[in-house]
Amino acid sequence: MYNKTVMDHFRNPRNVGVIEDADGVGEVGNPLCGDMMTIYLKIKDEHIADIKFQTFGCGSAIAVSSMITEIAKGKSLADAKQLTNKDVAKALEGLPKNKLHCSNLGADALQLAIQNYEDKRAGVTRSKPLRKEKHEHSHGEKCYCPYCDIEIQEGITFCDACQSSLEDEH
Amino acid sequence: MKVINLDHISAKPLLPEVKEVMIAAIKEDYHNPSSQHKSGEIAAEALQTAREAMAGLLNCKTAKEIVFTSGGTESVNHAIKGVALANEDKGKHIITSNIEHNAVIRSLRRLKSSGFAVTSLAVDAGGRVNPKDVAEAITKDTILVSIMHSNNETGTIQPIEEIGKITREKKVIFHSDAVDSVGVVPMDVQQLGVDLLSFAANTFYGPAGVGGLFIRRGTRIFPLLDGGVQENNKRAGAENLVGIIGTGKAAELALRDMDKRLIHLKGLKDQLLNELPTMIDEYIINTHPEYSLPNLVSISVRYIEGESVMLMLDDDDIAVSTRSACATGSLRASHVLLSLGLSHADAQGTLVISFGIDNSKEDINTFLKALKNVVTTLRDISPLYQKKADRLGS
């Protein structure tokens with residue numbers, strides 16, 4: 001089901017844990033959709049000096065979390081901000097299509113953690129912590145029905161093949 | 001590589017005796033049982049022997065009440081659609097439960113789109129249908145009640161005998177999907193009061209791809225497959241004779257060894273349930289403590305996700321099944337677990353441990369030790385477990 005790279009990151013996840021005095025924390029997902037990911041950052045000279053994660057989720061979710069921490073570690077914030085979920089899937093040499101929506105949230109968690117760091121530095125306080133529960137797919141990225149793997153056209157809120165409503169996910 | 005199979009609900013090994021008769025049957029090169037010449041008659045005799053063994057396992061009045069099919073799914077489709085179409089002049093209302101297998105759910109969904117009305121009953125916290133609810137749901141339009149014997153995800157057994165009394169009194173046809181029960185626990189169609197009962201051969205160590213349907217004499221039902229007059233005119237198409245011969249042997253052995261197997265399986269189940277609390281904490285048992293199969297335990301381990309557990313146990317050469325949404329094709333939380341009142345997060349951590357007569361106490365020990373390690377590893381990664389620790393600490 002999963003390729004060797006994904007299984008390697010699942011079996012030996014890199015950078016697991018919590019940074020107690022983190023400069024930025026990002027959290028995505030909710031248990032309802034199956035996966036939750038938290039990313040902790042330590043920033044030094046505008047670079048990611050340390051990064052750790054915690055994940056509740058399937059094999060793919062754990063591999064994605066591990067991979068994003070490995071890619072982001074040591075990067076400048078400017079470069080890290082360019083990272084997308086697609087980059088993570090590519091670095092993992094592919095994920096099952098139906099898992100792209102639900103478990104490929106690593107870059108989202110990273111971006112929220114960076115935002116959290118920048119907010120703190122700018123003295124911005126938000127009434128609610130930044131949190132992302134739904135997947136948003138970037139323009140031009142192909143989207144697949146999480147229930148039957150069929151490609152979904154942008155802007156369509158149900159799957160042609162299985163008639164599932166996709167309003168929450170798409 | 002020796003894998004410990006604790007996923008018998010997905011596949012059971014063929015018994016050596018079953019393999020033997022099937023190999024012999026292949027070598028025998030049987031002719032078509034419907035042919036009237038000598039070769040055909042020899043094949044028909046082999047078919048009849050298997051049918052009688054199956055009828056014996058279920059205590060049918062006559063072997064003619066057994067129809068062999070391609071498995072549990074076909075049997076369920078046949079029972080539901082066949083009864084609905086043959087009785088729609090009497091009414092178009094069907095009663096079922098919220099925890100049925102997809103074969104039942106989707107057959108009924110199909111019928112709904114052609115004008116049938118379906119009442120789906122809720123289960124109690126233990127996962128059982130209340131027979132009173134069935135009685136109350138029956139109207140003059142009700143033609144069929146379909147309630148499963150045991151649940152494939154939790155192993156919980158339904159009060160079929162009580163429901164059977166109600167359907168008999170109200171003269172409504174009663175089908176039970178007993179795919180995970182037949183050949184595992186004693187089944188007597190007279191005592192249960194069912195008119196139709198679906199079964200699968202692999203459940204009692206027969207071949208996958210063979211199953212059948214008990215159809216009580218006098219039950220109005222159309223065939224699912226139209227064509228020839230095989231299977232007493234109830235299931236067209238040349239029989240899978242090799243598979244059916246294997247099924248007959250498996251049925252014979254299931255009846256002969258039932259008591260011995262029950263003692264063995266019950267021992268493993270008790271061992272698992274008794275030792276689990278010494279290995280892990282914070283889990284939910286979804287299997288009914290009293291009314292359940294002897295060979296299956298469903299556990300929801302909190303704060304972690306089932307597919308991860310399954311994959312890690314697989315690395316330890318232990319096969320289990322998970323009901324986590326992440327591991328299903330649909331990525332949806334199990335309707336059975338949600339019906340029991342489980343939260344989505346808890347449902348995510350659900351493992352189905354199903355064992356067989358080929359498992360030993362040692363297998364259960366090995367599994368428990370491996371599970372302890374896997375749960376610790378995954379909880380260390382889990383933000384939910386961390387949050388819980390923070391809550392307790394503050």
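Asp346(B) forms a salt bridge with Arg302(B), and their closest N and O atoms are 3.1 Å apart. By salt bridge I mean a side-chain nitrogen of Lys or Arg within 4 Å of a carboxyl oxygen of Asp or Glu. Asp346(B) sits in helix H12 of chain B, while Arg302(B) is in the loop between strand S10 (296–301) and H10, so the pair ties together parts that are 44 residues apart in sequence. Helices (H or I, at least four residues) and strands (E, at least two) are DSSP runs, numbered from the N terminus.

This is a predicted model, in which local features need pLDDT of at least 70 and side-chain atom pairs count only at pLDDT 80 or more, while totals for chains, interfaces and linings use all residues. Residues are numbered from 1 along each chain as its sequence is written, chains are lettered from A and ligands numbered from 1 in the order in which they are written, and side-chain values use heavy atoms, with hydrogens and water left out.

Back to the pair. Is Asp346(B) buried or exposed? Asp346(B) is buried, at a relative accessible area of 12%, whereas Arg302(B) is partly exposed at 29%. The cut-offs are these: buried is under 20% relative accessible area, exposed is over 50%, and partly exposed is in between (1.4 Å probe, protein chains only).

Next, the other salt bridges. Over all chains the structure holds 21 of them.

One of the 21 salt bridges is between Arg121(A) and Glu46(A), whose closest N and O atoms are 2.7 Å apart. This pair links distant parts of the chain, 75 residues apart: Arg121(A) is in helix H6 (residues 106–122), and Glu46(A) is in the loop between strand S2 (35–44) and strand S3 (47–56). Arg121(A) is exposed, with a relative accessible area of 52%, and Glu46(A) is partly exposed at 35%.

Lys260(B) and Asp257(B) also form a salt bridge, with 3.9 Å between the closest N and O atoms. Why are these two about one helical turn apart? Because they are three residues apart in helix H9 (residues 241–279) of chain B. Lys260(B) is exposed at 60% relative accessibility, but Asp257(B) is buried at 13%.

Now the interface. Contact means heavy atoms within 4.5 Å, and on that rule 24 residues of chain B are in contact with 29 residues of chain A. The two chains bury about 2,200 Å² between them, 63% of it on carbon and sulfur atoms. Buried area here is the accessible area (1.4 Å probe) that two parts lose on being put together, summed over both.

How many salt bridges are counted between chain B and chain A? The count is one. Asp315(B) pairs with Arg11(A) in a salt bridge, at 2.4 Å between the closest N and O atoms. On the chain B side, helices H10 (306–315), H12 (344–348), H13 (361–381) and H14 (383–393) each supply at least two residues that touch chain A. H10(B) gives the most, with five residues. By class, that side of chain B has eleven nonpolar, seven polar and six charged residues. Ala, Val, Leu, Ile, Met, Phe, Trp, Tyr, Cys and Pro count as nonpolar, Asp, Glu, Lys and Arg as charged, and the others, Gly among them, as polar.

Phe10(A) lies in helix H1 (residues 4–11) of chain A and is buried, with a relative accessible area of 0%. Leaving aside neighbours within four places in sequence, Phe10(A) is in contact with Gly59(A), Ile62(A) and Ala63(A), and also with Ser308(B), Leu311(B) and Met312(B). Phe10(A) and Ser60(A) are 50 residues apart in sequence, yet 7.2 Å apart in space, C-alpha to C-alpha.

As for chain A as a whole, it has six helices and five strands. From the N terminus on, the order is α-β-β-β-α-α-α-α-α-β-β. Of its 170 residues, 51% count as buried.
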